[in-house]
Amino acid sequence: MEIKAKPHVLVLGGNFAGLGSAQKIREYAGDSVDITLVDRRDYLLFVPNIPTDVMENRDPSKHQRMQLRPVLAGDDIHFVQATVKKVDIESRQVEFLPTERPGAECESLHYDYLVIAMGAHLTYDRIPGFAEFGHTVSDLFHGERLRQYLFEGGYKGGPIVIGAAHFHQGDGAEGLQPYPGGSIPYLKAACEGPILEMTTSMENYLKRTGQGTPDKITVFTPDEIIAADAGVKNVEAFLKMATGMGIHYRNNMPDIARLTAEGVEFVGGETLPAELKLILPDWVAHDCLRDLPICDSMGFIKTNLLMRNPEHPEIFAAGDCAAVTMPKIGGIAHQEAEIVGRQVALDMGRMDAEEANQALQPVTFCIGDMGEGKAFYVRSNTWFGGQDDVLKMGRVPYRLKMSYRDLFFMTNGKVPGFGLNIAQFAAEKVF
């Protein structure tokens with residue numbers, strides 16, 4: 001008797017979008033598929049809480065990562081620690097280089113379904129002077145470097161500049177309408193939530209440490225308005241609060257030319273004086289993806305609102321590598337992972353079309369630390385054509401931010417839907 005092999009789902013990437021997609025496929029498609037996940041790291045990096053650890057003088061590497069191997073094994077998902085080198089769409093093969101030890105040989109895996117969730121390349125390496133003079137909170141290394149600078153004698157009390165380099169978005173989401181009459185608009189910065197978060201956190205840091213007043217801080221954006229995806233009304237309220245403290249705000253800034261010991265220099269010659277320079281970079285597609293026929297003009301993966309590539313429906317994308325993901329935030333990655341899981345289940349006959357074909361309606365959902373046990377809470381979809389704009393500030397959002405991380409780790413990344421509903425109720429109705 002011939003035993004027919006199950007379809008093989010290959011997931012590239014193991015952070016929020018990749019892990020979430022693999023888990024949702026297993027949840028909805030059950031044992032109808034085999035799943036392999038490939039990532040160069042063997043842990044999930046919990047990026048949203050790195051700024052809080054830094055500003056509360058904790059090493060984020062001790063708190064903001066979750067080991068992937070036991071989490072995946074619990075769902076019978078095979079794990080390969082490797083760097084993706086090449087995706088061959090015609091032969092449905094992915095070449096990879098194991099990263100456990102130097103000198104490994106290239107290997108390949110066949111797929112029936114491919115989920116690309118590799119995130120993006122953050123181009124700090126393209127900002128002259130960043131290594132010598134820049135800081136950021138995008139990963140464990142840079143977070144710890146900033147913590148040491150702030151709390152172990154590096155910072156001398158000079159001006160602080162916080163902002164983002166220009167982002168080059170690509171055309172892969174043109175024509176998509178996530179809400180009636182809406183669109184996926186263009187942003188000149190990939191993600192500016194951390195900039196708002198660090199702005200208020202640095203104000204609190206200066207006050208706590210007695211190193212000055214908020215007028216030392218300048219926050220800038222390359223766009224017309226900073227973090228417009230959070231809802232223009234919400235951002236205007238935030239900026240009114242920040243500028244009322246004395247924080248300086250600059251918009252429509254040219255791209256960053258270089259960082260120097262004296263400050264941030266922009267294309268065109270203007271310099272913002274700064275001792276501390278907190279910068280987010282341009283986000284670009286990975287080299288192994290950018291020339292594929294499934295990519296847009298900047299190398300991001302083209303999908304419809306069901307996260308499938310229109311020409312190759314066996315290929316999905318989720319998270320920061322997907323052209324439709326704007327801004328590049330974990331909350332939208334979770335929404336997309338849910339869709340990917342339902343779509344594979346539909347193909348496997350484990351879910352009906354009405355339940356599976358619920359297209360992406362992105363929501364900017366963000367909680368940012370403000371210091372002193374307070375945070376801001378944002379839930380907005382107006383940027384995409386929706387009707388909801390919510391902004392709350394206080395101690396409840398801070399507790400929600402901390403509790404969500406704890407719940408995420410406790411459930412191995414499978415935060416139940418009711419948990420998010422309770423969080424929304426607590427933030428929006430209770431206070």
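**A guided tour of cavities and backbone features**

Begin by selecting P327, which is found in the loop between strand 18 (315–317) and helix 8 (330–347); helices (H or I, at least four residues) and strands (E, at least two) are DSSP runs, numbered from the N terminus. A cis peptide bond, with omega of about 0 degrees, joins M326 to P327.

This is a predicted model, in which local features need pLDDT of at least 70, side-chain atom pairs count only at pLDDT 80 or more, and totals for chains, interfaces and linings use all residues. Residues are numbered from 1 along each chain as its sequence is written, and side-chain values use heavy atoms, with hydrogens and water left out.

Next, select M307, in the loop between strand 17 (283–284) and strand 18. M307 is not a glycine, yet its phi is positive, about 70 degrees.

Then move to A227, in the loop between strand 11 (217–220) and helix 7 (232–245). A227 also has a positive phi, near 50 degrees, and is a residue other than glycine. A227 is buried, with a relative accessible area of 2%.

Finally, select T136, V137, I162, G163, P194, I195, M198, L278, I279 and L280, which line the largest cavity. Strand 10 (160–164), helix 6 (193–209) and strand 16 (276–280) each give two or more residues to this lining. A cavity is a set of points on a 1 Å grid over the protein atoms alone where a 1.4 Å probe fits but cannot get out, and lining residues have an atom within 4 Å of a point. The volume of the largest cavity is about 60 Å³, a volume being the space filled by probe spheres set on the points, which are joined across faces, edges and corners.

Methods: On a 1 Å grid over the protein atoms alone, a cavity is a set of points where a 1.4 Å probe fits but cannot get out, and a pocket is an open set with protein on both sides within 12 Å along at least five of seven lines; lining residues have an atom within 4 Å of a point. Buried means under 20% relative accessible area, exposed over 50%, partly exposed in between (1.4 Å probe, protein chains only).
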